[in-house]
Amino acid sequence: MSDRSGFEPELGGDLRQNALFVDETVCIGCGHCAHTASSTFFLEEDYGRARVIAQDGDEEDLVQEAIDTCPVDCIAWVNYNDLNKLEEARKHQIIQNLAIQKKPRVLGSKK
Ligand code: SF4
């Protein structure tokens, strides 16, 4: 019996049998992926982290370039069947807003 669920996209190419996912707890919001593959990635408004907007938004080589050049290596091809679980888990992640700055520490102080 096949392990297919019937929900897999048939987008062509070996990698496209997988899905793209950004680990937003690691992403630093530099925006490089959204510039490289702008129909695939965008920066979400709440925390300024990258997220996949369309699994088939750009050519595979452009997407792969975005993955390969991400400075913190937080974009991955995942099993398509795991995507829903990963996206559900993302809703409960604690992500620090990049705009929040801690009060600067004065050198020599103990706080
Ligand atoms: S290139 Fe990487 S670190 Fe930069 S926004 Fe995209 S996923 Fe985040």
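**The whole chain**

The structure is a predicted model, in which local features need pLDDT of at least 70, side-chain atom pairs count only at pLDDT 80 or more, and totals for chains, interfaces and linings use all residues. Residues are numbered from 1 along each chain as its sequence is written.

Display the chain as a cartoon and locate three helices and four strands. These are DSSP runs numbered from the N terminus, with helices (H or I) of at least four residues and strands (E) of at least two. Along the sequence, the pattern reads β-α-β-β-α-β-α. Of the 111 residues in the chain, 15% are buried. A residue is called buried if 20 or more other C-beta atoms lie within 10 Å of its own, exposed if 12 or fewer, and partly exposed in between, with C-beta atoms placed from the backbone.

**The nonpolar core**

Next, select Cys-33, Ala-66 and Ile-75, the residues with the most contacts inside the largest nonpolar core, which has 14 residues. Such a core is a set of buried Ala, Val, Leu, Ile, Met, Phe, Trp, Tyr and Cys residues joined through C-beta atoms within 7 Å. Strand 1 (18-22) and helix 2 (60-69) are the elements that each give two or more residues to this core. Strand 1 supplies the largest share, four residues.

**Helix 2**

Now select Val-63, Ala-66 and Ile-67, the buried residues of helix 2. They lie on the same side of helix 2 because they cover an arc of only 100° around the axis, taken from the directions from the helix axis to the C-beta atoms. These buried residues pack against strand 1, helix 1 (32-36), strand 2 (41-43) and strand 4 (75-79). Which residues are exposed on the face turned away from the buried side of helix 2? Select Asp-61, Asp-68 and Thr-69 to see them.

Move to Asp-73, in the loop between helix 2 and strand 4. Asp-73 has a positive phi of about 55° although it is not a glycine. Asp-73 counts as exposed because it has 11 C-beta neighbours inside 10 Å.

Note on methods. Two residues are in contact if their C-beta atoms, placed from the backbone, lie within 7 Å.
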